[in-house]
Amino acid sequence: MKQEISKNKTVYIAVSADIIHNGHINIIEQGAKLGEVIIGILTDDVIATYKRLPILDYETREKIFANIKNVSKVVKQDTLSYAKNLRELKPDYVVHGDDWKTGIQSNIRTQAIEILSEYGGELVEVPYTVGVSGTEIDESMRPILNTPDIRRAKLRRMLKLKPYIRVMEASNGLSGLIVENVKVENQGEIKEYDAMWVSSLCDSSFKGKPDIELVDLTSRINTINEIIEVTTKPIILDGDTGGRVEHFVYNVRTLERLGVSAVIIEDKTGLKQNSLFGTDAVQTLDDPYEFAKKINAGKQAQLTRDFMIIARLESLIAGAGIEDALKRAKIYIDAGADAIMIHSKEKDGQEIADFLTKFREFAPNVPVVLVPTSYNHFTEDELHAMGGNIIIYANHLLRSAYPAMLNTAKEILKSGRSKEVDGDCMSIKEVLNIIPEDRV
Ligand code: SPV
Ligand code: MG
């Protein structure tokens with residue numbers, strides 16, 4: 001008799017389930033005792049916004065779940081909140097592991113309970129399956145599932161799934177690890193960096209060299225390899241001017257092979273000077289049609305669909321104005337640029353805003369990269385609202401590391417011993433623990 005009643009009941013279980021483990025199966029089994037199991041699968045964009053890109057895409061995860069024993073139906077859950085699906089499906093039960101009572105998911109739980117009570121539904125919490133953690137399995141699998149092909153494709157996947165991409169400079173293995181692993185919890189959301197920027201300014205500065213294309217590609221590739229070896233996030237390379245067309249085409253393939261996702265090249269010629277000098281240095285803009293040829297040759301040379309060549313407009317840096325930048329943007333997009341970067345060293349960000357308003361009139365869907373080093377009062381959300389899709393913090397790890405190192409060096413000199421800097425330094429134990437030996 002009991003069995004009969006439960007047949008008419010429905011049970012809703014939401015999963016992201018990139019990696020399926022016996023914890024999921026336990027919950028489905030528990031759910032099946034109560035009624036017909038409907039699985040709500042979180043969509044790729046929802047997962048990408050609250051944690052990392054899923055390893056398996058929605059379609060694959062849907063197929064897998066539809067074929068699991070005791071699952072009657074699979075539906076999309078396209079928000080982190082259960083609200084929409086619960087109101088639509090009105091399941092008799094929601095089944096979830098009891099691990100969501102605390103932590104980041106507790107708000108979602110509270111809301112689900114409220115909605116269930118609107119129509120008399122019930123939340124059933126089953127004890128968390130001890131000994132399996134999806135997060136731990138995910139973390140241990142990511143380095144393995146990180147072939148150059150998978151890694152390279154991540155940037156384009158993110159561009160499709162996320163409102164904007166947050167990028168931080170990484171200039172060696174250690175700073176790569178920071179960008180890879182640092183997370184903060186903010187209003188129920190875990191925030192982390194999406195990708196890494198291998199800056200010419202920082203790569204050169206860490207080598208004690210000026211940012212004038214003196215550090216050659218072989219050396220830049222060593223840096224990239226160092227980062228690639230210990231991280232999984234997509235890499236955007238600052239490719240300076242891209243050099244000669246004849247060299248650029250080879251370099252594109254080298255970068256693709258490594259698993260780099262994008263190279264950004266700037267439309268300057270002659271001795272390259274860092275853009276943040278502005279017109280205090282000689283900034284010579286390339287002929288736009290010559291630069292377009294370089295972009296086009298690169299696009300022809302690339303072997304994969306995923307790799308991106310991004311055209312960086314230096315008109316505002318060189319004092320040539322917004323109209324010049326817009327004209328060039330059109331030419332570079334026609335030549336095949338996958339995105340543009342507009343750079344400015346003005347503090348108020350007005351010329352960036354004005355450029356973007358006009359740019360979006362003729363290129364509504366071309367991704368735009370912004371590097372808000374000077375106009376850093378804007379939040380990411382504001383930059384996104386202005387038209388930015390990739391936001392790069394281009395040099396902040398270098399800029400914070402250098403003064404800290406300098407201060408320590410000075411204090412030891414002053415004191416004639418190192419005791420005074422104990423408070424500024426991490427302990428040796430912490431150093432030894434930054435990098436676990438069994439990472440790979
Ligand atoms: C870099 O990080 O090397 C860049 C950005 O090219 S900027 O320094 O602002 O020119
Ligand atoms: Mg640079």
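Predicted model: local features only at pLDDT ≥ 70, side-chain atom pairs only at ≥ 80, totals over all residues.
1. Residues are numbered from 1 along each chain as its sequence is written, chains are lettered from A and ligands numbered from 1 in the order in which they are written, and side-chain values use heavy atoms, with hydrogens and water left out.

2. Start with the cavity. A cavity is a set of points, on a 1 Å grid over the protein atoms alone, where a 1.4 Å probe fits but cannot get out; a pocket is an open set with protein on both sides within 12 Å along at least five of seven lines, and lining residues have an atom within 4 Å of a point. The count comes to 1 cavity of 30 Å³ or more. About 160 Å³ of space lies in the largest cavity, where a volume is the space filled by probe spheres set on grid points joined across faces, edges and corners.

3. The largest cavity has 20 lining residues, and Asp238, Asn274, Arg312, His343 and Ala394 lie nearest its centre. Ligand 1 sits in this cavity, meaning that more than half of its atoms lie within 2 Å of the grid points.

4. Now look at the residues around ligand 1, among them Ser199, Leu276, Arg312 and His343; to count, a residue needs a heavy atom within 4 Å. Polar contacts are pairs of N or O atoms within 3.5 Å; within protein, one must be able to donate a hydrogen and the other to accept it, and residues adjacent in sequence count only if both atoms are side-chain atoms. An oxygen atom of ligand 1 is 2.7 Å from a side-chain N or O atom of Asp238, and for Asn274 the distance from a polar side-chain atom to a ligand 1 oxygen is 2.9 Å. The side chain of Trp197 has an N or O atom 3.2 Å from an oxygen atom of ligand 1.

5. Finally, visit the second largest pocket, with about 690 Å³ of space. Of its 18 lining residues, those closest to the centre are Leu174, Ile178, Ala401, Met405 and Met426.
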